[in-house]
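I opened this model to look up its helices, its cover and its charged pairs. My entries are below in the order I made them.

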Amino acid sequence: MRPEVPFEAVEAVLPLPLPLLLGALTLTASVLTALITYIWSKKVRTPADNREDRRLDIEADEKLLQRFEDMLASRDKQIKELGAKVEELDNRLEGYRQERNVLLDFIYALIRIIRDLGGINLIPRPPSGVRISGHPSANTHVEETPPGGRP
Amino acid sequence: MAIPDGSNASDSRVRGALRGVHRALSALSPVDRAFIQFKASLGILLMVPLVQLPSVRDNTTVFFLVLWCAVTILGFWISLTGLIMGAQNRRRGFRVEMFGLWLLFAGPAVFASLMAGLWIITGQQRAVAVMFAVVICLAVRARMVMIRMADKNRAALYHYMEDGPDEA
């Protein structure tokens with residue numbers, strides 16, 4: 001059964017027979033699509049890409065961790081310096097205290113010797129807060145009023 | 001794998017090539033192998049009867065038939081290369097396979113359009129041939145969609161060895 005409308009008129013216009021023309025068009029379209037797909041398609045992700053991303057993430061994490069550790073290390077260094085300074089001060093303070101005790105003992109001994117020899121009155125006036133029994137300044141110091149006055 | 005009367009150099013070269021082929025094929029999963037059979041049957045075996053059909057031969061030229069076969073067979077080899085590259089975790093593997101699949105797509109698609117043209121011109125019933133070709137085209141499309149889904153989900157199509165060959 002041939003269709004009602006004959007295709008001879010159409011075929012006369014076409015440069016090729018219709019099946020061949022359609023086939024050639026399809027072939028060309030397929031090849032062009034393949035080329036376009038290959039050239040312009042965005043890159044297809046693969047497990048290698050995922051691994052690359054993961055590695056980058058890990059590197060960033062490690063960098064951050066390194067920065068944090070550096071910060072902590074610098075803080076630790078400062079604290080350690082301060083601790084060393086405090087310890088040095090403590091040692092010096094201890095030395096001063098011992099020196100002071102030695103000096104006090106020496107002064108006590110001296111004053112005892114002076115008192116035994118009877119020259120207690122010849123000692124110059126001691127600084128306020130220090131009392132030497134038998135010295136004339138001892139009596140005045142007792143009656144001295146405190147700076148705030150008596151309540 | 002004994003190679004008689006071969007010098008040492010050619011022997012080692014043949015062995016290296018065989019080892020390369022073995023390594024390339026051993027990276028493939030059963031799904032990969034099934035698709036290789038599918039592509040080979042489509043890109044090479046199917047073209048032989050298609051080209052020899054009298055209706056196809058009488059309405060086309062030899063040049064067109066050769067071009068058609070060349071594109072389809074090239075599509076088979078390129079998609080095979082892309083599939084092996086993808087199985088080896090190479091970055092361009094899926095893209096190359098997509099390129100080859102589009103070339104392979106030309107085989108049944110051109111057949112379908114030829115049959116459609118014959119259908120229009122002569123009015124003979126060619127619906128079975130056209131639908132046959134369309135079904136094969138859709139099978140190729142299914143493979144393309146698999147590749148695209150792997151792109152979309154950022155997941156592997158198949159199982160890959162973690163310590164396998166990396167992107168080269």
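**Ground rules.** I worked on a predicted model, where local features need pLDDT of at least 70, side-chain atom pairs count only at pLDDT 80 or more, and totals for chains, interfaces and linings use all residues. Residues are numbered from 1 along each chain as its sequence is written, chains are lettered from A and ligands numbered from 1 in the order in which they are written, and side-chain values use heavy atoms, with hydrogens and water left out.

**Chain A, overall.** I looked up the secondary structure and found 4 helices and 0 strands. Helices here are DSSP runs of H or I with at least four residues, strands are runs of E with at least two, and both are numbered from the N terminus. I noted the order from the N terminus as α-α-α-α. Chain A has 151 residues, and 18% of them count as buried. I used these cut-offs: buried is under 20% relative accessible area, exposed is over 50%, and partly exposed is in between, with a 1.4 Å probe and protein chains only. For contacts (heavy atoms within 4.5 Å) in chain A with a separation of 6 or more, residues 24 or more positions apart account for 0%. The accessible surface of chain A is about 12,500 Å², and carbon and sulfur atoms hold 62% of that. Such areas come from the Shrake-Rupley method with a 1.4 Å probe, and for residues only the protein chains shown count as cover.

**Chain B, overall.** I counted 7 helices and 0 strands in chain B, in the pattern α-α-α-α-α-α-α. Of its 168 residues, 45% count as buried. Residues 24 or more positions apart make up 68% of the chain B contacts with a separation of 6 or more. I put the accessible surface of chain B at about 9,100 Å², with 66% belonging to carbon and sulfur atoms.

**Helix 2 of chain A.** I checked the length of this helix: its 23 residues should span 33 Å at 1.5 Å a residue, and the end C-alpha atoms are 32 Å apart, which agrees. The expected span is 1.5 Å times one less than the number of residues. I listed its buried residues, among them A:L20, A:G23, A:L27 and A:A34. A:V31 is in helix 2 of chain A too, but A:V31 counts as partly exposed at 26% relative accessibility. What does A:V31 touch, not counting residues up to four places away in sequence? I found B:V71 and B:L103.

I also found a nonpolar surface patch of about 540 Å², made by A:L32, A:L35, A:I36, A:I39 and A:W40. Patch residues have over 30% relative accessible area and no salt bridge; like charges are joined within 9 Å, and nonpolar side chains (Val, Leu, Ile, Met, Phe, Trp, Tyr) within 5 Å. I looked up A:I36, which lies in helix 2 (residues 18–40) of chain A and is partly exposed at 45% relative accessible area.

**Helix 6 of chain B.** I found 26 of its 30 residues buried, so this helix is mostly covered. Helix 6 (residues 93–122) should span 44 Å at 1.5 Å a residue, and its end C-alpha atoms are 44 Å apart, which agrees. I noted a bend of about 30° at B:G107, with the proline B:P108 following within four residues. The bend is the angle between axes fitted to the seven residues ending at a residue and the seven starting there. After helix 6 comes B:G123, with a positive phi near 80°.

- I found A:R97 and A:E94 joined at 3.6 Å, N to O. Both lie in helix 3 (residues 47–117) of chain A, 3 residues apart, about one turn of the helix.
- I found B:R15 joined to B:D11, with the closest N and O atoms 3.8 Å apart. B:R15 is partly exposed at 42%, whereas B:D11 is buried at 17%.
- I found B:E97 and B:R143 meeting at 2.7 Å, N to O. B:E97 lies in helix 6 and B:R143 in helix 7 (residues 127–153) of chain B, so the pair ties together parts 46 residues apart in sequence.

Are B:E97 and B:R143 buried or exposed? I read B:E97 as buried at 0% relative accessibility and B:R143 as buried at 1%. My last entry is that B:K39, B:E97 and B:R143 are linked in a network of salt bridges.

Terms used. A salt bridge is a side-chain nitrogen of Lys or Arg within 4 Å of a carboxyl oxygen of Asp or Glu.
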